[in-house]
Amino acid sequence: MGRPFSLGIVGSLLLFVLAVASYSSELPEYPMQPASAYANKVVDSGLIVAIEVVGDTEQQKKYFNSNLNSRGILPVLVVIQNTSAENAYLFDKSAVALGNTIEAIGKGALKAGALLGSGGLLDVTLLPPGQMRMALTRREIRSKTLSPGSTVSGFVYIPISIDAPRKSVHLQVPLTNAHSSEIEVINLVF
Amino acid sequence: MSISRRCLLLLMLSCLPLAGIPLMAQQQTTASAPTVQKLPLTAALVLTPEFCATVNNKGGLKFPVGKAACSQLPATLNAVFTTLTRVDDSSKAGNVQVLLEPKFTDVSGTQRAFTFSKTELVVLVEWTIRDREGNSIWIETAQGSGARSMGNNITLRKNLDRLVHETVQQMADESATKMSSAPQLLNLHVEPAKADRNP
């Protein structure tokens, strides 16, 4: 009589602890800086486009709750700042693309390879539902109109090889002048 | 007091905060509607059948966000524009000054692990606003997110509908706020709408 009752109590407490853990699963915000403060950046036509590669496994676990390297996913922070005094730019995240083909090697990379969008980047919407997808979705860069002085930032996810050294990545970021409809393509290599 | 009764009391006390968490989450997602500035523009809201039929395509629980959005967006955005016409295709917009085109870019939900655990829902809608010539003049992303306990199988449908409604309303409110404060729309100097030539 006493033992099953105790097991029931322990089981209930365990469920409670798991429930509390699920409530407190908020991840910390990734620290952002002004675009001009990043080492890898391009300045062109009143725009600053900067990137920061988050390749460290511990950083990935801290901010994405997952070792993304082992899954063949490289998160790259993109910060775009419009320093123009009068021009507004339209940033369409679906237009961001890789300028080079990245060969996927290894189990994780093959998985990531099946989740690619049209521009060669990882399409987060193709991931199965769960906390990892939530974390990636919340941090992903979003389409936005950049009025003079404004900034947009967030991550893009690049498929990488996990069985070989990472090759150079060429990222293309198109921005459309809202007034003239001219398109500026910013190229970043890292 | 016996040991077993003490354990039971301890369990009840430890569960008290748990009872309050879903209530707090619900209170956070039922914030009052934002005050928006009315724009002196005539607009057509393009809600295609595909958009209205959007349901998350993966996972056990199905969130009918498209149906909710097509019900809630017209009412919310009506406060932003002088006149707002709902159409199911941009070619039917008539002679309005701007076309509002929403697109779901992600509908992401977590699956409940236990009866009492929360289910989370995140909805991302990307807006493109075009002028009469069809040029994109404004792009923005609006997010709605919510969390709610689904309860047992009897309360599941009701709670799921509430979660979808609250999450979509948050997205609609954010859309309205962003549109009404967009400089590109506030400064849109276009000629007043003429009478529709194809009534």
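Reply: First, the ground rules. This is a predicted model, where local features need pLDDT of at least 70, side-chain atom pairs count only at pLDDT 80 or more, and totals for chains, interfaces and linings use all residues. Residues are numbered from 1 along each chain as its sequence is written, while chains are lettered from A and ligands numbered from 1 in the order in which they are written.

Me: What makes S3(A) and S7(A) a pair?

Reply: Two strands pair if DSSP finds at least two bridges between them. Strands are DSSP runs of E, at least two residues long; helices are runs of H or I, at least four; both are numbered from the N terminus. Strand S3 (residues 73-82) and S7 of chain A are joined by 9 bridges. So they count as paired, and they run antiparallel. One of the bridges links Leu74(A) to Ile158(A).

Me: Why are S1(A) and S7(A) called edge strands?

Reply: The open sheet has 4 strands in the order S1-S2-S3-S7 (chain A), with antiparallel pairing. Strand S1 (40-44) and strand S7 (151-159) of chain A each pair on one side only. Neighbouring strands are turned by 20° against each other on average, direction ignored. That angle is taken between axes, lines fitted to C-alpha atoms, on a scale from 0 to 180 degrees.

Me: How do you know that the buried residues of H2(A) line one face?

Reply: A residue is buried if 20 or more other C-beta atoms, placed from the backbone, lie within 10 Å of its own. In helix H2 (residues 57-64) of chain A, Gln60(A), Tyr63(A) and Phe64(A) are buried. Seen down the axis of H2(A), they fall within an arc of 85°, so they line one face. The arc is that of the directions from the helix axis to the C-beta atoms. These residues pack against S3 and helix H4 (131-139) of chain A.

Me: Where should I be careful in chain B, with pLDDT under 50?

Reply: pLDDT is the predictor's confidence in each residue, from 0 to 100. Chain B has a mean of 80, and 73% of its residues reach 70 or more. Residues 15-31 of chain B stay under 50. Residues 193-199 of chain B are below 50 as well. Where pLDDT is low, the predicted coordinates should not be read in detail.

Me: What makes up the secondary structure of chain B?

Reply: Chain B has 5 helices and 5 strands. Along the sequence, the pattern is α-β-α-α-β-β-β-β-α-α.

Technical notes
A residue is buried if 20 or more other C-beta atoms lie within 10 Å of its own, exposed if 12 or fewer, and partly exposed in between; C-beta atoms are placed from the backbone. Two residues are in contact if their C-beta atoms, placed from the backbone, lie within 7 Å.
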